[in-house]
Amino acid sequence: MQDTVAVALITALSTLAAAALTGLVGAFSTRRQLAHQLSLARQESAERRATRRDELRREAYVGFLSACDRAYRRLDRRWVEPAGDGSTPGYDETYAAMRAVDEAYNLVLLEGPADVAAAARSVQSSLTTEYAEQRRLGDEPGDAVVPLRERHRERWLAAIEVRTDRRVAYVDVTRPVLDRDG
């Protein structure tokens, strides 16, 4: 009888040990699978965040260029129109376009990186300088029916050159950032 009890006890203990070993192997396997799935989920989340950041940057950079183009068109009109165009001193369509550039610059500043924000600041500064120069030149005494471009041709050409140089420098800085992120 003791032999039967011993065999039963050994059988029971080996069954319990096998069950425990199977459970332990299953737990380790499940833990590894869960860790892998968590890693994949984190990676997908990081990729989604990076894609969203890239989209926001692209929108900010393109929005800034679009605002600059609108301001350039307004500045061009001021260069070629006769001085007495009837605009209200202090606020006009050109001023509104300049404000839009400021707002677009704020988005570029937030999206970064610093070298892109610095290039955008350079473009914004050149626009502001050109606008201030136009206002100053327009206030000078002279023939009001002769456009500023004709009265101050050298300054007009210099402003166009600065505009082009700053815009190209901005694009040269933003393109690698967008390529690197994409």
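**Entry 1**

I started at Asp-69, which counts as partly exposed at 32% relative accessibility. The scale I used calls a residue buried under 20% relative accessible area, exposed over 50% and partly exposed in between, with a 1.4 Å probe and protein chains only. This is a predicted model, where local features need pLDDT of at least 70, side-chain atom pairs count only at pLDDT 80 or more, and totals for chains, interfaces and linings use all residues. Residues are numbered from 1 along each chain as its sequence is written, and side-chain values use heavy atoms, with hydrogens and water left out.

Which side chain does Asp-69 meet in a salt bridge? I found Arg-167, at 3.6 Å from N to O. A salt bridge here is a side-chain nitrogen of Lys or Arg within 4 Å of a carboxyl oxygen of Asp or Glu. The pair links distant parts of the chain, with Asp-69 in helix α1 and Arg-167 in helix α5, 98 residues apart. Helices are DSSP runs (H or I, at least four residues), numbered from the N terminus. Arg-167 is partly exposed too, with a relative accessible area of 27%.

I searched the whole structure and got 12 salt bridges. One of them joins Glu-133 to Arg-136, with the closest N and O atoms 4.0 Å apart. Both residues lie in helix α3, three residues apart, or about one turn of the helix. Another joins the side chains of Glu-150 and Arg-149 at 3.3 Å, N to O. Glu-150 is partly exposed at 43% relative accessible area, and Arg-149 is partly exposed at 27%. I also noted a network of salt bridges that links Asp-76, Glu-130 and Arg-163.

**Entry 1: Arg-78**

Is Arg-78 buried or exposed? I read a relative accessible area of 14%, so Arg-78 is buried. Arg-78 sits in helix α1, and a polar contact of 3.0 Å joins its side chain to that of Gln-134. A polar contact is a pair of N or O atoms within 3.5 Å; within protein, one must be able to donate a hydrogen and the other to accept it, and residues adjacent in sequence count only if both atoms are side-chain atoms. Leaving out residues up to four places away in sequence, Arg-78 touches Asp-92, Thr-94 and Tyr-131, among others. Contact means heavy atoms within 4.5 Å.

**Entry 2: helix α2**

Next I looked at Asp-92 again, which caps the N-terminal end of α2 with a side-chain oxygen 3.2 Å from the backbone nitrogen of Thr-94. In α2, I found Thr-94, Ala-97, Met-98, Val-101, Ala-104, Tyr-105 and Val-108 buried. They cover an arc of only 120 degrees around the axis (taken from the directions from the helix axis to the C-beta atoms), which puts them on the same side of α2. The face turned away from that buried side carries the exposed residues Glu-103 and Leu-110. Just after α2, Gly-112 takes a positive phi of about 65 degrees.

**Entry 3: the cores**

How many residues does the largest nonpolar core have? I noted 23, and Tyr-61, Phe-64, Val-108, Leu-127 and Tyr-170 have the most contacts inside it. Such a core is a set of buried Ala, Val, Leu, Ile, Met, Phe, Trp, Tyr and Cys residues joined through side-chain atoms within 4.5 Å. Its largest share, eight residues, comes from α1. A second, separate core of five residues includes Trp-79, Leu-137, Leu-148 and Ala-159.

Definitions and conventions:
Helices (H or I, at least four residues) and strands (E, at least two) are DSSP runs, numbered from the N terminus.
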